[in-house]
Amino acid sequence: MTITITAFERSPDGGKGLARDTRVRWALEEVGQPYDVRLVSFRAMKEPAHLALHPFGQIPTYEEGDLALFETGAIIFHIAQQHAGLLPETPNARARAITWMFAALNTVEPPIVDLGTAKLLERDKPWSDARLPLVADRVRARLDQLSAWLGDADWLDGVFSAGDLLMVSVLLRLRSSGLLDEYPNLAAYVARGELRPAYKRAFAAQLAINAKPPTD
Ligand SMILES: N[C@@H](CCC(=O)N[C@@H](CS)C(=O)NCC(=O)O)C(=O)O
């Protein structure tokens, strides 16, 4: 059955791979599933046809036959359940990998998103200079803990899993801040993720869309 995901017609990051369709593409590449992409404009994302797929008017979505999903965690969990390659077979290792998926999205991503919001949308506020260091320190607190856990291991729990795929995707959003470079083992972890052939294919596919000159 054909899989179709949605992505930005024109990603705000210009093809740096930070839009969340990249992590879904990566998961599909890891398990060797072909997929189609339907591009949506910011306006179309808020219109009824897209809202029927995604109640919050965002990308990415995932369609396969009569199944429609939103939320990258749910989408990647679904992919990992349907196809081998993203979750270990043994029950305990599988449960731990799923735990890391939640940790990436529920514990590590929120302060990183906050930092992005503080830098991109709140810099003109009178309180921005006072708030920004506090937000950055909340990111550092999580990176301290994650760095201590990872140590000199390659992946979070033995073999590469959907937990790593999501964690690397989340950490990639920090690259331009310089914060990742304060943690050499985390920077190396992210680089390891980026070196995976499946990540490279996913990155190239989103870049091919976003590198095109605008037609309007
Ligand atoms: N928690 C959601 C977040 C989805 C999300 O924030 N998508 C962004 C693109 S990366 C978006 O559509 N932004 C436009 C908007 O919210 O209007 C997920 O993981 O799927």
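Arg20 is partly exposed, because its relative accessibility is 26%, between the 20% and 50% cut-offs. The model is a predicted one. Glu109 has a relative accessible area of 7%, under the 20% limit, so Glu109 is buried.

**Salt bridges**

Side chains of opposite charge can pair when their charged atoms come close. There are 14 salt bridges in the model. One of them joins the side chains of Arg20 and Glu109, at 3.5 Å from N to O. This pair links distant parts of the chain. Arg20 sits in the loop between strand E1 (3–8) and helix H1 (21–30), while Glu109 belongs to helix H5 (residues 91–120). The two are 89 residues apart.

Arg23 also meets Glu109 in a salt bridge, at 2.8 Å from N to O. Here too, distant parts of the chain are linked: Arg23 is in helix H1 and Glu109 in helix H5, 86 residues apart. Both Arg23 and Glu109 are buried.

Asp129 forms a salt bridge with Arg123. Their closest N and O atoms are 3.0 Å apart. Asp129 is exposed, because its relative accessible area of 59% is over 50%. Arg123 is partly exposed, with a relative accessible area of 42%. Elsewhere, salt bridges that share partners join Arg20, Arg23 and Glu109 into one network.

The three pairs are listed here.

| Salt bridge | N to O distance |
|---|---|
| Arg20 and Glu109 | 3.5 Å |
| Arg23 and Glu109 | 2.8 Å |
| Asp129 and Arg123 | 3.0 Å |

**The sheet**

In what order do the strands of the open sheet run? The order is E2-E1-E3-E4, 4 strands with mixed pairing. Strand E2 (36–40) and strand E4 (67–70) are at the edges. Each has a single partner strand, so one side of each has no neighbour in the sheet. From one strand to the next, the twist averages 20°.

Strand E3 (residues 61–64) pairs with E4 in the antiparallel sense, over 4 bridges. Glu64 stands opposite Leu67 in E4. Helix H4 (residues 72–82) lies across E3 and E4. The helix runs at about 130° to E4.

Thr6 lies in strand E1. Its relative accessible area is 0%, so Thr6 is buried. The side chain of Thr6 makes a polar contact with the side chain of Thr61, at 2.6 Å. Leaving out residues up to four places away in sequence, Thr6 touches Asp21, Arg38, Val40, His50, Ile59, Pro60 and Thr61.

Two of these contacts, Ile59 and Pro60, are joined by a cis peptide bond, with omega at about 0°. Pro60 is in the loop between helix H3 (48–51) and E3. Most peptide bonds are trans.

**The ligand site**

Which residues are around the ligand? They are Phe8, Ala19, Arg20, Met45, Lys46, Gln58, Ile59, Glu71, Thr72 and Arg173. Arg20, a partner of Glu109, has a side-chain N or O atom 3.1 Å from an oxygen atom of the ligand. For Thr72, a side-chain N or O atom is 2.7 Å from a ligand oxygen atom.

A nitrogen atom of the ligand is 2.8 Å from an N or O atom in the side chain of Glu71. Glu71 is placed in the loop between E4 and H4. With 41% relative accessibility, Glu71 counts as partly exposed. Its phi is near 75°, a positive value in a residue other than glycine. Most residues other than glycine have a negative phi.

**Lys16**

Is Lys16 buried or exposed? At 58% relative accessibility, Lys16 counts as exposed, because the value is over 50%. Lys16 lies in the loop between E1 and H1. How far apart in sequence are Lys16 and Leu207? They are 191 residues apart in sequence, and 7.2 Å apart in space from C-alpha to C-alpha. Lys16 also touches Phe203 and Gln206, not counting residues up to four places away in sequence.

Notes:
Residues are numbered from 1 along each chain as its sequence is written. This is a predicted model: local features need pLDDT of at least 70, side-chain atom pairs count only at pLDDT 80 or more; totals for chains, interfaces and linings use all residues. Side-chain values use heavy atoms; hydrogens and water are left out. Two strands pair if DSSP finds at least two bridges between them. Axes are lines fitted to C-alpha atoms, for helices over the stretch in contact, and angles run from 0 to 180 degrees between N-to-C directions. Contact means heavy atoms within 4.5 Å. A salt bridge is a side-chain nitrogen of Lys or Arg within 4 Å of a carboxyl oxygen of Asp or Glu. Buried means under 20% relative accessible area, exposed over 50%, partly exposed in between (1.4 Å probe, protein chains only). A residue is near a molecule or strand if one of its heavy atoms lies within 4 Å of it. A polar contact is a pair of N or O atoms within 3.5 Å; within protein, one must be able to donate a hydrogen and the other to accept it, and residues adjacent in sequence count only if both atoms are side-chain atoms.
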